[in-house]
Amino acid sequence: MLAPRPALSGDYRQSYDGPDPVGRISISPGGPQPTDVRQSLPGPEYAREGKSPEFVRIESPAPGTEIEFLTEVDPTLRLDETKVSLWARCSQPNLSLHVRLRFPHQIDPRTGAPLTADMAGGPASRYEETTELWKRLECRPDDRSFQQLMQRLRHLLLPQLRNQADLDTRDVYVEAVVLKARLGAGRTDLLVDDLIVGPIAVPPTTSQKEIPAEPEAKFSRIAMGDNRITKNGRPFIPLILPYHHESIDEFLATGANTAWVQNWDDEALLKEFAARGIGVTATPPRPVNSERGEALPPFTGASAPIDFWMLDVNIPASAYLDVETWIEQLRDADHKHPRPILADVAGRERDFHRHLSLLGSSRFILGTTTAPLEYVEHLDRKQRMGLPGRGMFTLVPLEPADGLLHDPTDGPRIEPEQVFLLANAALSAGYKGIGYWNRNPLSEETRHAVNLMNLQVRLLEPWLATGKVVSTSPVQFGQDLAQGGGTSLSSVVSTRWDNANRKAPSERAARLENELRATVLDSEFGMLVIINWLENRAQYQPGGMVVDDLHLFVKRDVLQAWTVTATGMETVKSLKQVPGGTEITLKQVEQFAYVLITHEQAVRDAVARQISQVRERAARSWVELAEHKIRRVHDVHRQIEFEAPAVMDAADILAKADRYVAAARADFERGSFKSVEENARFAMALTRVVQRRHWENAVRRFATPVSYPYTVAFQTLPQHWKMLEKLGAGAGQSVNLLRSGRFTSLQQMASDGWTLNEADANETVRTAVEMRAGGPEGRSCLRLAAATGAATGKAGERTSFLPIQGPLVQVQSPILPVREGQILHVSGRIRVPQSLDPTSEGLVIYNTIDGPSRSLRFRSPTSSGQWETFELVSVAPASGEFALRFELRGLGDVFLDDLRIVALNVSTNAADAEAGPPSVSNSPPTP
């Protein structure tokens with residue numbers, strides 16, 4: 001039965017003509033406080049019409065003063081046709097009209113009183129004039145605007161209301177009209193007149209008894225929506241770390257706030273984490289056969305410590321329908337705990353995002369040909385593929401994904417600086433969660449790196465969890481390069497940011513301007529600038545990454561800014577007002593930095609208090625991290641010092657790093673925690689110089705570091721030089737395992753055991769696998785192609801963007817048996833005449849031993865579009881099978897020829913040596 005429509009009457013009017021002021025002025029306590037506030041009725045000569053308007057004059061010493069001019073009105077039910085208008089005249093812009101709504105049957109858990117909320121209007125509610133003219137402002141709290149307000153309130157309040165499924169919106173009424181403004185410095189004059197609210201619909205009488213007590217029972221602590229995350233009503237960034245049966249204290253030492261446990265029904269473990277203040281996520285039970293009418297049983301109270309569900313990682317697009325069924329059953333079984341559902345996917349991002357609370361998209365670039373700048377582009381592209389307004393998370397690897405055997409006691413193969421790089425890249429892209437990926441317990445060095453990253457995130461959580469990326473600030477270095485030289489400019493209009501007058505930067509400066517990314521996030525707490533050094537080839541081994549005099553341009557008038565780390569907060573001393581914004585200069589930047597911009601002293605004080613609580617812990621991790629790292633680098637340097645090309649001044653550089661570490665330890669003992677971080681980071685920067693030079697010596701002779709298995713990280717360089725020594729000595733017998741890699745016909749390839757898989761043909765994409773003339777020596781060669789349109793893959797026929805899901809073409813070599821310890825050397829020729837689809841991975845070449853994590857990728861044209869040689873070396877960890885795969889994952893043409901697979905029998909096993917060369921298998925590939 002429909003509720004009766006309330007009786008409507010005329011409008012409520014307020015002319016402000018009485019003997020006393022009607023409106024009430026309030027000043028936000030967080031910002032600059034005015035030196036004088038005056039309120040009066042100036043007389044009919046200032047009125048728009050009638051006797052007199054209401055007049056307010058405010059003197060503010062600095063920009064940013066926030067005021068509210070509130071007028072109480074007769075209570076009227078909020079209806080779709082409710083309309084509010086007010087005439088305003090002001091000497092400054094940036095005014096907006098709101099209505100204050102009261103929810104008589106809903107308590108606010110933050111205050112214990114009935115809930116109130118302000119609703120903004122559309123463009124008609126804003127005063128943006130600078131001519132001090134009267135303007136009629138309008139605000140309509142219609143049904144659509146009300147639903148948008150309710151969406152925000154639900155995300156903010158429901159986690160604190162325990163088992164309440166929704167907010168009570170019965171009899172919501174307008175109780176006041178509010179004019180809000182953020183003022184500039186100096187005097188502001190405000191006039192208001194002729195307020196109208198209508199039509200009047202009198203709400204039923206309510207009493208305090210009608211306001212429900214806070215409900216009991218169960219609830220979801222995590223709220224996600226509007227591109228923001230809260231936990232128990234506070235900004236929250238999930239920092240998810242797999243639990244590998246270490247002690248709870250060891251887990252707490254990582255700074256993670258969410259444990260990813262293996263068994264969702266391990267009640268004792270869940271309670272233990274909850275008792276220590278750590279959230280929990282787990283993979284829920286798999287769906288049952290719904291066709292037989294079965295469903296997941298409801299979850300009991302034992303699962304209450306679980307904050308959210310994590311379905312899986314790297315879910316392929318082909319699993320979409322299965323995941324959809326899983327989510328449906330999960331939500332039905334979890335109706336008492338409406339917990340968010342997360343999953344990391346690889347394809348169909350938008351489709352998955354419709355069902356997921358937080359979508360994960362990850363790409364493990366460490367030790368691959370994907371550069372950090374390409375990684376950031378990938379994160380941005382995946383975010384655009386998701387749903388607007390819904391958050392995303394990504395996984396940061398803490399160990400290699402290549403499966404290469406490695407003793408953890410030798411030290412981590414992933415550098416701590418790479419953890420910082422990837423995590424900061426995700427935060428700079430606006431991602432709302434970070435999951436760490438590791439299959440084994442962490443080394444002490446990695447544990448300290450994760451702790452420092454997590455402490456920094458938790459310190460800046462209000463900005464990261466609720467802010468939005470608004471821009472990328474340009475950066476420059478050194479002295480001003482404007483025409484005329486020097487740093488003193490002849491005019492305030494001519495600055496270093498005027499590209500038309502700027503001299504071309506040096507080669508190094510141009511490279512740094514491209515690699516150093518300064519991202520601006522804006523939130524209700526102010527602005528945050530994240531500076532992250534996306535150094536080329538840092539996915540293998542980061543370099544020194546220290547620069548002096550970094551200048552960045554922010555399109556705001558900035559009066560105060562601070563650099564913030566978990567050990568201290570320092571005022572940015574160089575702020576320069578330039579046309580269009582502010583130039584911020586940082587004296588020195590080492591890999592990353594965070595700049596906080598806020599005019600609210602309360603916000604700054606809150607950050608300072610939080611730093612005081614964690615600074616000792618952060619300083620301890622910095623000095624421990626530096627000590628662990630420099631010992632490891634010393635050890636590797638000693639192992640390769642006489643086998644590898646010499647690194648100039650390596651001993652002196654490492655000795656200087658030792659002194660910085662000793663100074664950091666001394667600073668910690670006397671409680672100078674900010675100095676601890678500075679000295680530790682200087683020491684680590686010096687060790688990176690030695691690491692990078694050793695690594696560059698190792699890869700100098702190769703087309704790409706991925707070609708050899710032990711050159712993708714510094715820690716495996718001793719194994720690399722030992723392997724080269726064996727190869728150079730001609731150890732073992734060289735055996736060509738491939739019958740023929742000179743492509744003559746598709747029939748011969750099929751007979752030799754080659755296999756071909758192509759994506760389903762449709763009207764959008766056409767693929768081709770064929771023999772073509774024009775090989776390196778005039779012979780035929782193999783062509784792989786994919787294109788849009790009705791044609792069958794002619795070069796240059798890419799007509800539109802197409803999101804690629806998986807390989808369009810996959811060609812696999814015959815399966816070849818290999819023995820443990822064999823070194824397998826793959827070589828061939830490739831020609832890419834034109835750039836492949838830039839939104840895809842292009843052509844990917846990898847083998848079944850190392851997998852796609854160590855693959856060669858080709859997207860750009862080969863040199864002048866001509867033939868080039870490629871090679872890929874692997875070590876068989878055990879006896880088994882080996883095959884090579886070519887996958888075209890984007891639109892375009894590639895040509896292949898002269899493929900060879902050679903096995904070098906370096907195994908010391910006598911039985912293997914006597915067994916002779918392995919035979920070639922023509923069996924089909926294993927799935």
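Tutor: Let us begin with a single side chain. Cys-139 has a relative accessible area of 0%, so it counts as buried, the cut-off being under 20%. Please keep in mind that the model is predicted. Cys-781 is likewise buried, because its relative accessibility is 1%. As for cysteine pairs, a disulfide requires two sulfur atoms within 2.5 Å, and by this rule the count is 0.

We may turn next to the charged residues. Side chains of opposite charge can pair when their charged atoms come close. Across the whole structure, a search finds 58 salt bridges. One of them joins Lys-180 to Asp-118, with 2.9 Å from N to O. This pair connects distant parts of the chain, since Lys-180 belongs to strand β11 (residues 173–183) and Asp-118 to strand β8 (residues 114–120), 62 residues apart. Lys-180 is partly exposed, at a relative accessible area of 22%.

Lys-180 and Asp-118 are among the residues that lie nearest the centre of the largest pocket, together with His-98, Arg-152 and Glu-524. The lining of this pocket comprises 41 residues, and the space within the pocket is about 1,700 Å³. Sorted by class, these lining residues are 15 charged, 14 polar and 12 nonpolar.

Asp-898 makes a salt bridge with Arg-742, in which the closest N and O atoms are 3.6 Å apart. Here again distant parts of the chain are linked: Asp-898 lies in strand β47 (residues 892–904), whereas Arg-742 lies in the loop between β35 (734–736) and α15 (746–752), 156 residues away. Asp-898 is buried, with a relative accessible area of 16%, while Arg-742 is partly exposed at 44%. Asp-893 forms a salt bridge with Arg-783, at 2.9 Å from N to O. Asp-893 counts as buried because its relative accessibility is 8%, and Arg-783 counts as buried at 2%.

Salt bridges can also share partners. In this way Glu-415, Glu-417, Glu-445, Glu-590, Lys-629, Arg-632, Glu-677, Arg-681 and Arg-688 are joined into one network. Two or more lining residues come from each of α8 (444–459), β34 (592–597) and α11 (601–640), and α8 gives the largest share, 3 residues. By class, the lining divides into 8 nonpolar, 2 polar and 1 charged. In the whole structure, the search finds 6 cavities of 30 Å³ or more.

The lining of the second largest pocket consists of 17 nonpolar, 14 polar and 11 charged residues.

Finally, two individual residues may be set side by side. Gln-822 sits in the loop between β40 (816–818) and β41 (823–831). Its relative accessible area is 1%, so Gln-822 is buried. A polar atom of the Gln-822 side chain lies 2.8 Å from the backbone nitrogen of Arg-819. Asn-514, by contrast, is partly exposed at 45% relative accessibility, and its place is in helix α10 (residues 507–515). The C-alpha atom of Asn-514 is separated by 9.2 Å from that of Pro-474, and these two residues are 40 residues apart along the chain.

Conventions:
Residues numbered from 1 in each chain as written. Predicted model: local features only at pLDDT ≥ 70, side-chain atom pairs only at ≥ 80, totals over all residues. Heavy atoms only, no water. 1 Å grid on protein atoms, 1.4 Å probe; cavity = no way out; pocket = protein on both sides within 12 Å on 5 of 7 lines; lining within 4 Å. Points joined across faces, edges and corners; volume = space filled by probe spheres on them. Nonpolar A, V, L, I, M, F, W, Y, C, P; charged D, E, K, R; others polar. Buried < 20%, exposed > 50% of the residue type's maximum accessible area, 1.4 Å probe, protein only. Salt bridge = Lys/Arg side-chain N within 4 Å of Asp/Glu carboxyl O. Helix = DSSP H or I, 4+ residues; strand = E, 2+ residues; numbered from the N terminus. Polar contact = N/O pair within 3.5 Å; in protein donor to acceptor, adjacent residues only side chain to side chain.
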